[in-house]
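Colleague: I am new to this structure. Could you take me through it in short steps?

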Amino acid sequence: THAWAEVYLPGAGWKGFDPTSGEVVGGDHIAVAVARLPESVPPIAGSFFGSAKANLDVGVWVTQC
């Protein structure tokens with residue numbers, strides 16, 4: 001997960017721009033929180049304990065309701 005910026009363009013409205021991928025925000029982007037300041041939206045928290053050679057894989061599944 002990561003954040004992207006949105007700007008207001010007169011006549012076009014709010015448009016998102018993802019600097020990580022260099023793309024305009026589209027169907028592959030799912031907003032789970034919105035805030036003016038990044039510190040206002042804490043990430044999902046958790047802990048992982050393992051050896052220095054351990055790996056942690058994270059997956060996200062999205063289901064249309």
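**Walking through the model**

Modeller: The structure holds 1 aromatic pair. Rings of Phe, Tyr and Trp (its six-membered ring) pair if their centres lie within 6.5 Å; planes under 30 degrees apart count as stacked, over 60 as edge-to-face and the rest as tilted. This is a predicted model: local features need pLDDT of at least 70, side-chain atom pairs count only at pLDDT 80 or more, and totals for chains, interfaces and linings use all residues. Residues are numbered from 1 along each chain as its sequence is written, and side-chain values use heavy atoms, with hydrogens and water left out.

Colleague: Which kind of aromatic pair do Tyr8 and Trp14 form?

Modeller: The ring centres of Tyr8 and Trp14 are 5.6 Å apart. Their planes stand at 65° to each other. The pair is edge-to-face.

Colleague: Is Trp14 buried or exposed?

Modeller: Buried means under 20% relative accessible area, exposed over 50%, and partly exposed in between (1.4 Å probe, protein chains only). Trp14 has a relative accessible area of 58%. So Trp14 is exposed.

Colleague: Which elements does the chain have, from the N terminus on?

Modeller: Helices (H or I, at least four residues) and strands (E, at least two) are DSSP runs, numbered from the N terminus. The chain has 0 helices and 3 strands. The order is β-β-β.

Colleague: Why is the chain said to be more spread out than a compact globule?

Modeller: The radius of gyration is taken over C-alpha atoms, and the globule rule is 2.2 Å times the number of residues to the power 0.38. For 65 residues the rule gives 11 Å. The chain is well over that, so it is more spread out than a compact globule: its radius of gyration is 16 Å.

Colleague: What box do the C-alpha atoms fill, and what share of the residues is buried?

Modeller: Along the principal axes, the box is roughly 55 × 30 × 25 Å. Of the 65 residues in the chain, the buried share is 6%.

Colleague: Where is Gly16, and is it buried or exposed?

Modeller: Gly16 sits in strand S2, residues 13-18. Its relative accessibility is 8%. Gly16 therefore counts as buried.

Colleague: Which residues is Gly16 in contact with, leaving aside neighbours within four places in sequence?

Modeller: Contact means heavy atoms within 4.5 Å. With those neighbours left aside, the partners of Gly16 are Trp4, Ala5, Glu6, Val24 and Val25.

Colleague: Which residues does Val7 touch, not counting those up to four places away?

Modeller: Val7 is in strand S1, residues 5-9. It is partly exposed, at 35% relative accessibility. Its C-alpha atom is 8.0 Å from that of Phe17, 10 residues apart along the chain. Not counting residues up to four places away in sequence, Val7 touches Gly13, Trp14, Lys15 and Phe17.

Colleague: Is His29 buried or exposed?

Modeller: His29 is found in the segment after S3. Leaving aside neighbours within four places in sequence, its contacts include Trp4 and Asp18. At 15% relative accessibility, His29 counts as buried.

Colleague: What is the relative accessible area of Leu37?

Modeller: Leu37 also lies in the segment after S3. It counts as partly exposed. The value is 44%.

Colleague: Which residues form the nonpolar patch on the surface?

Modeller: Like charges are joined within 9 Å, nonpolar side chains (Val, Leu, Ile, Met, Phe, Trp, Tyr) within 5 Å. Together the patch has about 780 Å² of accessible area (Shrake-Rupley method, 1.4 Å probe; for residues, only the protein chains shown count as cover). Its members are Ile30, Val32, Phe48, Leu56, Val58, Val60 and Val62.

Methods:
Patches are made of residues with over 30% relative accessible area and no salt bridge: like charges are joined within 9 Å, nonpolar side chains (Val, Leu, Ile, Met, Phe, Trp, Tyr) within 5 Å. A salt bridge is a side-chain nitrogen of Lys or Arg within 4 Å of a carboxyl oxygen of Asp or Glu.
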